[in-house]
Amino acid sequence: MSNTIPLSFLDLAPVPEGKTIADGIAQTVATAQQAEKVGLNRYWMAEHHNMPGIASAATSVLLSHIGSQTSRIRIGAGGVMLPNHAPLVIAEQFGTLQALYGDRIDLGLGRAPGTDGATFQALRRQMKDAERFPQDVQELQYFLGNDTDNSPVQAFPGAKSNVPIWILGSSLFGATLAAHLGLPYVFASHFAPQMLAQAINTYREQFTPSAYLQKPYVMLAANLLLADDDATAQYHFTSAQQSFVRLRRGETGQMPKPTHDMDSIWSAAEKMMVDNALSVSFIGSVETVKPKLAQFLVQYEPDELIVTANVYDQAARLRSLELTPELNLFTLQ
């Protein structure tokens with residue numbers, strides 16, 4: 001591994017308690033601009049549905065807005081949940097983004113629905129649609145590629161755009177698929193780290209070179225929240241912890257305010273669950289985080305790291321990004 005690697009940002013477009021979706025989107029734009037200002041490589045958004053605290057359900061629409069408010073940083077989906085969509089529609093959407101913003105566009109694909117069963121049905125999808133994920137990925141590659149001139153169905157926009165496709169996953173399925181198709185792989189270690197080592201080892205061992213990629217490329221996800229001191233960072237991170245508790249309880253709501261007393265909110269079992277799910281988290285001052293993060297990078301040797309800071313306080317998120325260059329662990333633009 002080189003001394004430094006690229007650093008990117010994953011945004012869930014949080015809608016804080018007491019704010020409107022328009023407020024959340026405005027904060028998301030400011031976050032993207034800050035990520036670009038400090039030199040991050042990519043700014044990705046994730047598709048979720050039926051979640052009042054997340055504003056990125058119409059992922060490609062919001063990405064287009066982000067593209068218009070930034071100039072250099074790569075923008076993309078991390079990811080589009082492909083079972084929710086016809087591949088042709090996604091080819092048209094991301095082909096349109098590529099027509100607007102050139103080679104700044106990335107397309108990360110996930111197999112999960114990104115929502116609950118009832119909403120999945122409202123999207124006019126069935127659970128068996130996920131079983132077609134490998135075929136749908138290849139169909140999407142076809143629509144975005146150079147070989148559709150004689151096809152009765154083509155993506156306009158989309159054809160010949162060759163938007164880069166990534167496979168997202170948290171299990172061996174995505175790792176194996178990405179390796180088989182010769183595509184870059186992103187592991188969702190920011191909330192599902194259990195199979196991290198096994199998945200990336202499988203991907204690297206089984207990787208087959210392709211027209212898209214000659215050697216394995218692994219991007220790992222982590223929670224990163226930097227502040228001027230450890231206590232401040234831990235305080236703001238309680239918003240993310242509360243969100244996880246609510247999600248596992250089946251409760252809905254906007255992004256909760258931070259608290260000084262998590263023990264009054266979660267049970268011992270819930271704390272253990274959250275600590276396990278969010279174990280790939282680097283929270284604190286630059287001095288506290290840097291050695292821990294450096295050790296993580298040495299252990300897993302990712303080619304790129306993508307971080308998220310899903311918190312209530314916008315000033316805390318912007319400050320975290322502002323402090324990121326001080327880690328001196330990343331190649332910044």
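Is Asp106 buried or exposed? I looked up its accessibility and found Asp106 buried, with a relative accessible area of 0%; buried means under 20% relative accessible area, exposed over 50%, and partly exposed in between, with a 1.4 Å probe and protein chains only.

Before going on, I noted that this is a predicted model, in which local features need pLDDT of at least 70 and side-chain atom pairs count only at pLDDT 80 or more, while totals for chains, interfaces and linings use all residues. Residues are numbered from 1 along each chain as its sequence is written, and side-chain values use heavy atoms, with hydrogens and water left out.

**Salt bridges**

I looked at Asp106 with Arg42, whose side chains meet in a salt bridge at 2.9 Å, N to O. Because Asp106 lies in strand S4 (residues 105–110) and Arg42 in strand S2 (residues 42–45), this pair ties together parts that are 64 residues apart in sequence. Helices (H or I, at least four residues) and strands (E, at least two) are DSSP runs, numbered from the N terminus. Arg42 is buried, as is Asp106.

I then found that Asp106 also meets Arg74 in a salt bridge, at 2.8 Å, N to O. Arg74 belongs to strand S3 (residues 74–81) and Asp106 to S4, so here the parts tied together are 32 residues apart in sequence.

My next entry is Asp228 and Arg319, a salt bridge with the closest N and O atoms 2.5 Å apart. This pair links distant parts of the chain, since Asp228 sits in the loop between strand S7 (218–226) and helix H8 (230–249) and Arg319 in helix H11 (residues 314–323), 91 residues apart. Asp228 counts as exposed at 53% relative accessibility, whereas Arg319 is partly exposed at 29%. Returning to shared partners, I noted that salt bridges join Arg42, Arg74, Asp106 and Glu304 into one network.

**Helix H6**

In helix H6 (residues 172–181) I listed Gly174, Ala175, Leu177, Ala178, Ala179 and Leu181 as buried. What do the buried residues of H6 pack against? They pack against helix H5 (133–144), strand S5 (165–169), strand S6 (185–187) and helix H7 (196–206), contact meaning heavy atoms within 4.5 Å.

I took Ala178 as one of these buried residues, with a relative accessible area of 0%. Leaving out residues up to four places away in sequence, Ala178 touches Ile167, Leu183, Pro184, Tyr185 and Tyr203.

At the N-terminal end of H6, I found Ser171 as the cap, with a side-chain oxygen 3.3 Å from the backbone nitrogen of Phe173. Just after H6, Gly182 takes a positive phi of about 65°.

**Helices H8 and H9**

Finally I checked H8 against helix H9 (residues 268–277), whose axes come within 10 Å and cross at roughly 115°. I noted that H8 is therefore roughly perpendicular to H9, the class that covers 65 to 115 degrees. From the side of H8, Gln241, Phe244, Val245, Arg248 and Arg249 meet Glu270, Met273, Val274 and Ala277 in H9.

Methods
Polar contact = N/O pair within 3.5 Å; in protein donor to acceptor, adjacent residues only side chain to side chain. Salt bridge = Lys/Arg side-chain N within 4 Å of Asp/Glu carboxyl O. Axes fitted to C-alpha atoms, helices over the stretch in contact; angles between N-to-C directions. Parallel < 35°, antiparallel > 145°, perpendicular 65-115°, else oblique.
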